[in-house]
Amino acid sequence: MTPGPVEPPSAGWELPDPADAVAGEEIVGVGADLEPATLLAAYRRGLFPMRLSKGGPIAWWSPDPRGIIPLDGLVVHRSLRRVSRRYTVTVDTAFEAVMRGCADPSRPHGWIDESFVDGYSRLHELGWAHSIEVWSSDDELVGGLYGVASGGLFAGESMFHRARDASKVALLATVERLRAGGGVLFDVQWCTDHLASLGAVEVPRLDYLALVADAIAQPQLVLTP
């Protein structure tokens, strides 16, 4: 039997309850740290961290409305199925490399710094953070995404691509593995136009928090290779 993730020691922080936030307000707290226990507690509360500015304090975000991809609602065109055959997909074989791909400083609005790489890598070592990797035929990492899983929740954090449609392939592979592994909720933070074209929808914050509470009460999902 594959061992489950390891629960980190208590964080010692009292994170804000997003249910108390003003409707439409996205930042519900500032401060704390990126220790594994803090991160895990945040996702279980429907929060995620981003800095207010480069090198600035950590802010805890709860978008209203929230973007999710229904696991039966991903839009998959035949062209994407064809493209996906060009690539090889793996799970949890290159977590830090995926994070660094997402953190590429040449990307606009980059916010993933070394403290985030360190915090999420430690969460990955404990079995809570996961990466989906997309490889070319010559074994080059050309795309991927990473996120945090708790119960049946998978909270996607960021994705990247260096080859055509590689991030879409990562998204497709993630949804397929969530369906197979017991996932019930795929959080994508904001419903951008790009994600909406792939099936993402918006839900009010309070509805999302109810979905999170139900999801984290489910058995721990398993992302298979």
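This note walks through the main features of the fold, point by point.

1. **Before you start.** This is a predicted model, in which local features need pLDDT of at least 70, side-chain atom pairs count only at pLDDT 80 or more, and totals for chains, interfaces and linings use all residues. Residues are numbered from 1 along each chain as its sequence is written, and side-chain values use heavy atoms, with hydrogens and water left out.

2. **The whole chain.** The protein chain has 7 helices and 10 strands; helices (H or I, at least four residues) and strands (E, at least two) are DSSP runs, numbered from the N terminus. With a radius of gyration of 17 Å, close to the 17 Å that the globule rule gives for 225 residues, the protein chain is as compact as a globular protein of that length. That radius is taken over C-alpha atoms, and the globule rule is 2.2 Å times the number of residues to the power 0.38. Along the principal axes, the C-alpha atoms fill a box of roughly 45 × 45 × 30 Å.

3. Two strands pair if DSSP finds at least two bridges between them. Strand β4 (residues 66–68) runs antiparallel to β10, joined by 3 bridges, and I68 stands opposite V201 in β10.

4. **The sheet of 3 strands.** Here the order is β1-β3-β2, again an open sheet, with antiparallel pairing. Its edge strands, β1 (27–30) and β2 (48–51), each pair on one side only. β2 and strand β3 (residues 58–61) share 4 bridges, and P49 has W60 in β3 as its bridge partner.

5. **Helix α1.** Axes are lines fitted to C-alpha atoms, for helices over the stretch in contact, and angles run from 0 to 180 degrees between N-to-C directions. P36, L39, L40 and Y43 in α1 meet G119, Y120, R122 and L123 in α4.

6. **Helices α3 and α4.** What angle do helix α3 (residues 95–102) and helix α4 (residues 114–125) make where they pack? The angle is about 150 degrees, and their axes are 10 Å apart, which means that α3 is roughly antiparallel to α4. F95, E96, M99 and R100 in α3 meet several residues in α4, among them F116, V117 and Y120.

7. **Two details to look up.** Most residues other than glycine have a negative phi, and most peptide bonds are trans. D64 and P65 are joined by a cis peptide bond, with omega about 10 degrees, and P65 sits in the loop between β3 and β4. D139, in the loop between β6 (129–135) and β7, has a positive phi near 65 degrees.

Notes:
Angles under 35 degrees count as roughly parallel, over 145 as roughly antiparallel, 65 to 115 as roughly perpendicular and the rest as oblique. Contact means heavy atoms within 4.5 Å.
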